[in-house]
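Visitor: Hello! I would like to learn how to read a protein structure. Could you guide me through a few features?

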Amino acid sequence: MLEAPLLDCRTRRARWSLGSALDDRGKPLHDRLGRPLHDLRISVIDQCNFRCSYCMPRDVFGTDYAFLRRDQLLSFDEIERLARLFVALGVRKIRISGGEPLLRKGIEDLVDRLAGLKTTTGFPVDLAMTTNGALLAHKASALAGAGLKRLNVSLDALDVDTFQRMTDTPIIVDQILEGIATASKAGIKSIKVNMVVRRGLNDHQILPMARYFRHSGHVLRFIEFMDVGSTNGWSQSAVVPSTEVLSRIDRDFRLEPMEPAITGEVARRWRYQDGAGEIGVISSVSSPFCGDCSRARISAEGKLYACLFAQSGIDLRQLLRGADDDVSLRQTIESAWHRRNDRYSEIRHLQPRSRKIEMSYIGG
């Protein structure tokens with residue numbers, strides 16, 4: 001039996017230290033619910049070499065799907081310009097995502113540019129990337145050399161048939177595991193493995209995944225199947241609550257809760273009592289954490305979104321390409337954050353279904 005409650009609902013108005021997210025008057029930059037701007041997630045491409053059913057189902061994103069043209073994507077110069085503005089406004093962490101970011105040609109050049117940014121307190125920006133890992137073995141050395149310190153690798157099963165059914169590709173699991181091993185050897189020390197759990201599809205892989213990554217030095221995180229976008233066929237019945245995931249693991253490997261590493265951390269942390277490492281659970285459906293969400297997102301075509309489940313965004317690309325000075329850009333970002341009151345996960349059952357931005361545009 002677990003010796004502590006599996007999950008605690010997070011309170012909305014979390015206490016934050018002041019002095020990092022600043023507007024042009026030197027005041028902390030907070031939204032309408034008191035949440036600061038600390039994290040930026042940047043999607044660099046809307047394409048992917050997987051067709052995961054919970055993100056880019058093939059019946060929607062088929063061979064005739066019109067992906068963004070190259071000129072519609074933000075250039076690396078434009079991404080760097082935006083990133084510098086966000087960092088000046090208090091962002092401490094930047095995550096590069098997609099689609100699949102390793103499909104973007106020269107992605108290591110962007111990593112090099114962003115890794116050189118300094119926060120308002122003078123420390124290097126905490127730079128990370130989310131990838132499906134299929135190209136990681138070929139890219140890991142260049143990414144590490146460019147300054148990437150952290151990776152999140154998506155892996156939904158170890159069983160080959162289950163993995164290929166989830167990803168709808170002929171790629172084999174060993175290719176992903178090789179990428180993880182290569183990245184670790186290249187010097188990327190912080191690697192988290194993300195498993196989206198869907199009942200009846202891959203939930204039988206919870207224990208095999210836990211068993212495999214024990215003692216690996218990598219943190220395995222179990223993510224509840226979320227209703228991101230409008231094409232993934234989400235159903236509440238397909239969600240495996242994090243409490244159930246933890247209970248299944250605890251029957252074989254005793255767990256105990258850990259304190260959050262930082263305020264606003266999306267995953268609840270648990271460690272094995274025998275010292276074999278830790279796992280995390282991301283419970284956006286069963287235990288929403290909107291109350292301390294400090295994340296802004298820029299989509300592949302340069303729109304600013306204040307929530308993963310947003311219906312619309314603010315076009316920053318037009319401003320980037322329309323003016324050389326950053327005044328209007330900064331004012332637009334500040335205004336958008338000050339107006340922000342998004343808390344979709346807390347109220348998803350109180351509002352009608354609506355069309356939302358797809359994850360392949362906005363990243364995870």
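Guide: Gladly! Please keep in mind that this is a predicted model. Let us begin with the aromatic rings: the structure holds 5 aromatic pairs.

Visitor: How is a pair of aromatic rings described?

Guide: By two values: the distance of the centres and the angle of the planes. Take Tyr 212 and Phe 213, whose centres are 4.8 Å apart, with 75 degrees between the planes. That makes the pair edge-to-face, because planes over 60 degrees apart count as such.

Visitor: Are these two residues buried, partly exposed or exposed?

Guide: Phe 213 is buried, at 5% relative accessibility. Tyr 212 has 43% and counts as partly exposed. Another edge-to-face pair is Phe 253 with Tyr 272, with 6.0 Å from centre to centre and 85 degrees between the planes.

Visitor: Which parts of the chain does that pair link?

Guide: Distant ones: Phe 253 is in the loop between helix 7 and strand 7, while Tyr 272 belongs to strand 8, and the two are 19 residues apart. Both Phe 253 and Tyr 272 are buried.

Visitor: Now to the strands. How does strand 9 pair with strand 6 and with strand 8?

Guide: Strand 6 and strand 9 run parallel, joined by 4 bridges. Within this pairing, Phe 222 has Val 281 as its bridge partner. Strand 8 and strand 9 run antiparallel, also with 4 bridges, and Arg 269 stands opposite Gly 280 there. These two strands form a hairpin with 5 residues between them, and Gly 275 in the turn has a positive phi of about 85 degrees.

Visitor: Why is strand 9 described as largely enclosed?

Guide: Because 4 of its 5 residues are buried.

Visitor: Can we finish with a loop? Where does Asn 132 lie, and what does its side chain reach?

Guide: Asn 132 lies in the loop between strand 3 and helix 3. Its side chain makes a polar contact with the side chain of Asn 49 at 2.8 Å and reaches the backbone nitrogen of Ala 134 at 3.0 Å. Asn 132 counts as buried because its relative accessible area is 6%, and the cut-off is under 20%. Among the residues that Asn 132 touches are Cys 48, Phe 50, Glu 100 and Ile 176.

Methods:
Residues numbered from 1 in each chain as written. Predicted model: local features only at pLDDT ≥ 70, side-chain atom pairs only at ≥ 80, totals over all residues. Heavy atoms only, no water. Buried < 20%, exposed > 50% of the residue type's maximum accessible area, 1.4 Å probe, protein only. Polar contact = N/O pair within 3.5 Å; in protein donor to acceptor, adjacent residues only side chain to side chain. Contact = heavy atoms within 4.5 Å. Phe/Tyr/Trp six-rings, centres within 6.5 Å; stacked < 30°, edge-to-face > 60°. Pairing = 2+ DSSP bridges. Lists of a residue's contacts leave out its neighbours within four places in sequence.
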